[in-house]
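Dear colleague,

Please find below the structure that I am handing over to you. My notes on it follow directly after.

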Amino acid sequence: MGIFLRWMFAFGLLALTYNPTEINFVRWAYWNYQTHLSVAVFMGLLLTIGYIIYLRATLRSIGPFGMALVLSVIASLLWVLFDFGLLHLDNTTVNVWLGIFALSVVLGVGLSWSHVRRHLAGQSDVDDVDE
């Protein structure tokens, strides 16, 4: 359940930042920065903190190669769905949501990987051991 929640938070973070609907930070800040600049800066900083937490944990747990590998697996799955006719890429709205989904999987796996590895291998990371 923890892995699912980490992925959902990553999806929410990405979707709150930008999505094809009108409800996202980028569009809201663009239309309201003149009247609500302080709120836009505050919300932008909160989103930045979320990204720093996720990116730092992901880079430390699976690294750039792992990130590319997870993204490659998602891309190949989308390719399979496209080849079997289950996915059509002519709709830009769907493409944006697929991109958000793919990036959220990368961030979710990155944040959860240490827990998965510890559970499978029975070993703690160096960061988990108290001195």
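A residue is called buried when its relative accessible area is under 20%, exposed when that area is over 50%, and partly exposed in between, using a 1.4 Å probe and protein chains only. By this criterion Ser 104 is buried, because its relative accessibility is 0%.

This is a predicted model, in which local features need pLDDT of at least 70 and side-chain atom pairs count only at pLDDT 80 or more, while totals for chains, interfaces and linings use all residues. Residues are numbered from 1 along each chain as its sequence is written, and side-chain values use heavy atoms, with hydrogens and water left out.

Overall architecture

The chain contains five helices and zero strands, where helices (H or I, at least four residues) and strands (E, at least two) are DSSP runs numbered from the N terminus. Its C-alpha atoms fill a box of roughly 50 × 45 × 25 Å along the principal axes. Of its 131 residues, 28% count as buried. Among contacts (heavy atoms within 4.5 Å) with a separation of 6 or more, 66% are between residues 24 or more positions apart.

Helices H2 and H3

Helix H2 (residues 25–32) packs against helix H3 (residues 37–61) at an angle of about 160°, their axes being 9 Å apart. Axes are lines fitted to C-alpha atoms, for helices over the stretch in contact, and angles run from 0 to 180 degrees between N-to-C directions. H2 and H3 are therefore roughly antiparallel, a term for angles over 145 degrees. Phe 25, Trp 28, Ala 29 and Asn 32 of H2 make the contact with Leu 37, Val 39, Ala 40, Met 43, Gly 44 and Leu 47 of H3. Eight of these residues are nonpolar, two are polar and none is charged; Ala, Val, Leu, Ile, Met, Phe, Trp, Tyr, Cys and Pro count as nonpolar, Asp, Glu, Lys and Arg as charged, and the others, Gly among them, as polar.

Two residues of helix H5

Ser 104 lies in helix H5. Its side chain forms a polar contact of 2.9 Å with that of Trp 7; such a contact is a pair of N or O atoms within 3.5 Å, where, within protein, one must be able to donate a hydrogen and the other to accept it, and residues adjacent in sequence count only if both atoms are side-chain atoms. Leaving aside neighbours within four places in sequence, Ser 104 is in contact with Trp 7, Ala 10, Phe 11 and Leu 14.

Asn 95 is also found in helix H5 (residues 92–121). Asn 95 counts as partly exposed because its relative accessibility is 29%. The side chain of Asn 95 reaches the backbone oxygen of Leu 89 at 3.1 Å.

Yours sincerely

How values were computed. Parallel < 35°, antiparallel > 145°, perpendicular 65-115°, else oblique.
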